[in-house]
Amino acid sequence: MDFHSFSSSSFALGLLFPLVLLFSCSLVFIEASTDDGFTVDLIHRDSPESPLYNPSHSLYERIKRTYHRSTKRKIFFASTGMVPNEGEYLMEISFGTPPFKTFAIADSGSDLAWTQCKPCTHCFKEKFPIFNPKNSSSYKSLPCTSKTCHAFNGFCNKNGLCEYDQLYGDMSRSYGDLASETITFGSKGKRASFSNFVFGCGHNNSGVFPQKSSGIVGLGFGEQSIVSQLNSSINGKFSYCLGLFTEESKSGKLSFGKKALVLGHGVVTTPLILDNYYYLILQGISVRNKRLNYSYISPLHKPLKGNIIIDSGTTATYLPDNLYAELESTVKSEIKSTKDVKDPLGFFKLCYESLHDGNVPIITLHFKGADLKLNSSNTFVKTSDTVKCLGFASAGSARSIPIFGNIAQNNFWVGYDLENKVVSFKPSDCTKH
């Protein structure tokens, strides 16, 4: 795998991340068995490698379900503090001593990591056995009087132990005990283990969480997330590489620490804004040589330094109505060799039959300090055997927040450096790593 260092020298002085603000109140100390970083598979929920894979669904049925989940997620970014977590990508993680393997949703839009636990008052069905903390020698309940319980928004139960109640935007919920435990990444070859990790041991879990998964791993920047809790080992750095979703999809990769460092030919770097979610600064979009300028006013009348969320769990890229309309019109004017048709899935607006990649105009996203040139697989997606559609959509409601989705991020190493507050992109074939 071609890992390199982040290209961040031009930002380091002015954008040094104030770590003390995120971590000073936490009493969590992580001890790691590795200090050179680690990498895990990132599995699309609809790939044959996923425990959620349903072979009875056709490729386009799975794609339609993906876009449906994406639409719901987009709505909740604007209307609530927590987005739905039906999940697009899964990662393997083990809890306890000895390690107990689970598959959890990897979500950059949330923080807390939790898994279903015995005894279960109400649990959704999963493919694997449910974690039993009584079988782990490293499991430790947290007293509700501890500073860690307070920092993680916990509360007291009748036995004086710390509990959590995680409610998501679609009213899905996980409720249970906050505890510390040893977590382990990787099941083949080299493993990375971390002790004293604070997580939710969920005894009552309900809603639309996907059956056969076990819980959620939050990749946000809040104090509860893996990125924050493992900071002493990974220095606020993680990256992912998402392969194109096809019938024969292979795993992508999710890396932390030194293994997440990327550099080399083609790397571009842009500032990362932390404001509830991960934000970037989009300044415009070019279709071939025609530039469309971009300006955005917060629907909540809140001053934002960033103007578009970057999210691995949203499929399409959502733009404000006026910018999307300009983009669609400009792309349509550039594609003259074939007539546009309706999307068979009923999701996208601009679609063509028998569209060749050579007829697709180059689209460039102009982020602050970084021009990200997208190829045809990042901009047009198949929605039937013969139809391809522009993989952008209108954000709809005036309250909706623009989102840079995972279709446009496919086949890039996307590296987050929270220490220097930058994101880097490098073109790559993610299926080969």
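Are C241 and C430 buried or exposed?

Modeller: Both C241 and C430 are buried, where buried means under 20% relative accessible area, exposed means over 50%, and partly exposed lies in between (1.4 Å probe, protein chains only). This is a predicted model, in which local features need pLDDT of at least 70 and side-chain atom pairs count only at pLDDT 80 or more, while totals for chains, interfaces and linings use all residues. Residues are numbered from 1 along each chain as its sequence is written, and side-chain values use heavy atoms, with hydrogens and water left out.

C241 and C430 are joined by a disulfide, S to S 1.9 Å; the term stands for a pair of cysteine sulfur atoms within 2.5 Å. The torsion about their S-S bond is about -75°, so this disulfide is left-handed. The pair links distant parts of the chain, 189 residues apart: C241 is in strand β12 (residues 237–241), and C430 is in the segment after β30 (422–427). Strands (E, at least two residues) and helices (H or I, at least four) are DSSP runs, numbered from the N terminus.

The structure holds six disulfides. Another one joins C117 to C201, with 2.0 Å from S to S. This link is left-handed, with -115° about the S-S bond. C117 lies in the loop between β5 (114–116) and β6 (140–141) and C201 in strand β10 (residues 192–206), so the pair ties together parts that are 84 residues apart in sequence. C117 and C201 are both buried.

A further disulfide runs from C149 to C162, S to S 2.1 Å. Here the torsion about the S-S bond is about 85°, so the disulfide is right-handed. Because C149 lies in helix α3 (residues 147–151) and C162 in strand β8 (residues 162–167), the pair ties together parts that are 13 residues apart in sequence. Both of these cysteines, C149 and C162, are buried as well.

The overall pattern can be written by numbering the bonded cysteines of the chain in sequence order. The pairing is then 1-8, 2-3, 4-6, 5-7, 9-12 and 10-11.

Last, a serine. S180 is found in strand β9 (residues 173–185) and counts as buried because its relative accessibility is 8%. Apart from neighbours within four places in sequence, S180 is in contact (heavy atoms within 4.5 Å) with several residues, including S138, N196 and F199. S138 is 42 residues from S180 in sequence, and the two are 8.0 Å apart in space, C-alpha to C-alpha.
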